[in-house]
Amino acid sequence: MIETRLLQQFIAVAEELHFNRAAERLHMAQPPLSQAIRRLEGLVGAPLFERTNRSVALTPAGAAFLETARRTVQSLEEGVAQTRRVAQGIEGHLTLTFINIAPYVPLLRVLRTFRQANPGITFTMREATTQEQINALEQGRADIAFMRAPGTTTPHLRLAAVLNEPICVALPVGHRLEASPTVDLASLRDEAFVASPRTLGKGFHDQLISLCQAAGFVPDIVQHGRQMQTLIALVAAGFGIALLPASLATDARPDVVFRPLEVDAPEAMARLDLFMAWNENRASAIRDRLIDAVLQALPPP
């Protein structure tokens with residue numbers, strides 16, 4: 001193995017073509033420098049300098065090795081500088097996972113501002129269900145996740161609520177309650193429902209079931225869909241109604257109407273939190289900077 005120090009000493013002699021001047025440049029004595037160059041020549045297996053009493057010149061092998069030495073030292077210096085920037089949270093890569101965040105303009109604004117202020121940080125964005133995001137955080141495949149309440153306990157998972165919105169009901173056009181400005185949840189006891197499978201998001205699923213139970217019934221779920229937009233399409237097709245985040249109403253289909261709910265339950269039960277989650281066992285200065293930026297811009301609702 002050739003030490004970086006030997007390469008730096010060789011470069012100094014090659015550029016000065018004078019051992020004494022090179023030694024002064026390196027802040028060392030000339031004899032140890034001469035010994036270092038002889039050691040390097042032994043490691044390379046070829047003479048790098050032609051030495052006389054009056055001059056020092058690079059051999060053809062030395063001239064070729066000089067380019068290699070410069071590239072190696074420069075690459076190492078750049079690598080060290082990049083490592084420092086990553087450690088300082090200035091440069092690097094983040095993988096974010098999320099449920100449908102299109103309706104959440106405040107969060108999108110924070111992400112845009114952060115990216116503009118940190119051009120040295122690149123992103124991979126992956127849409128996923130809540131359970132898939134939990135798995136990605138645990139396995140180190142994601143740095144930050146934006147999800148619904150997970151409904152499960154994970155030792156190193158940290159959660160911070162960043163946005164909050166009411167739950168509403170999605171009805172097909174022509175439904176008997178379409179004209180109502182609000183809908184009493186208890187009046188939906190005999191309706192067919194469409195919902196996401198519990199395996200994809202236990203917290204969200206269980207919250208909706210508990211909300212219905214507080215209204216005196218268990219919802220009859222006749223169809224499942226992985227994505228919220230799929231549920232809206234099922235509502236439009238007449239398969240059933242759905243309890244969904246109110247933010248989805250901003251991009252609703254013309255054949256689906258959204259109505260606020262009247263519920264006889266604690267207000268918190270009828271509202272949904274959007275959480276930012278991360279694994280505290282997988283530290284990252286870059287990740288922590290984005291977490292701080294989100295929490296400063298979006299204090300707990």
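1. Is histidine 27 buried or exposed? In this predicted model, histidine 27 counts as exposed, because its relative accessibility is 76% and exposed residues are those over 50%. The residue is found in the loop between α2 and α3 (30–44), and its phi is positive, at about 60°, although histidine 27 is not a glycine.

2. Leucine 17, which has its place in the loop between α1 (4–16) and α2 (19–26), likewise has a positive phi, near 50°, in a residue other than glycine. With a relative accessibility of 36%, leucine 17 counts as partly exposed.

3. Glutamate 165 belongs to strand β6 (residues 157–172) and is buried, with a relative accessible area of 7%. Its side chain reaches the backbone nitrogen of serine 247 at 2.7 Å, while a polar atom of that side chain lies 3.4 Å from the backbone nitrogen of alanine 246. Once neighbours within four places in sequence are left aside, the residues in contact with glutamate 165 include Tyr104, Arg148, Pro245, Arg271 and Leu272.

4. In helix α8 (residues 228–236), the buried residues are Met228, Leu231, Ile232, Leu234 and Val235. Seen down the axis of α8, these buried residues fall within an arc of 160°, so they line one face of the helix. After α8 comes glycine 238, with a positive phi near 85°.

Terms used:
Residues numbered from 1 in each chain as written. Predicted model: local features only at pLDDT ≥ 70, side-chain atom pairs only at ≥ 80, totals over all residues. Heavy atoms only, no water. Helix = DSSP H or I, 4+ residues; strand = E, 2+ residues; numbered from the N terminus. Buried < 20%, exposed > 50% of the residue type's maximum accessible area, 1.4 Å probe, protein only. Polar contact = N/O pair within 3.5 Å; in protein donor to acceptor, adjacent residues only side chain to side chain. Contact = heavy atoms within 4.5 Å. Arc of directions from axis to C-beta.
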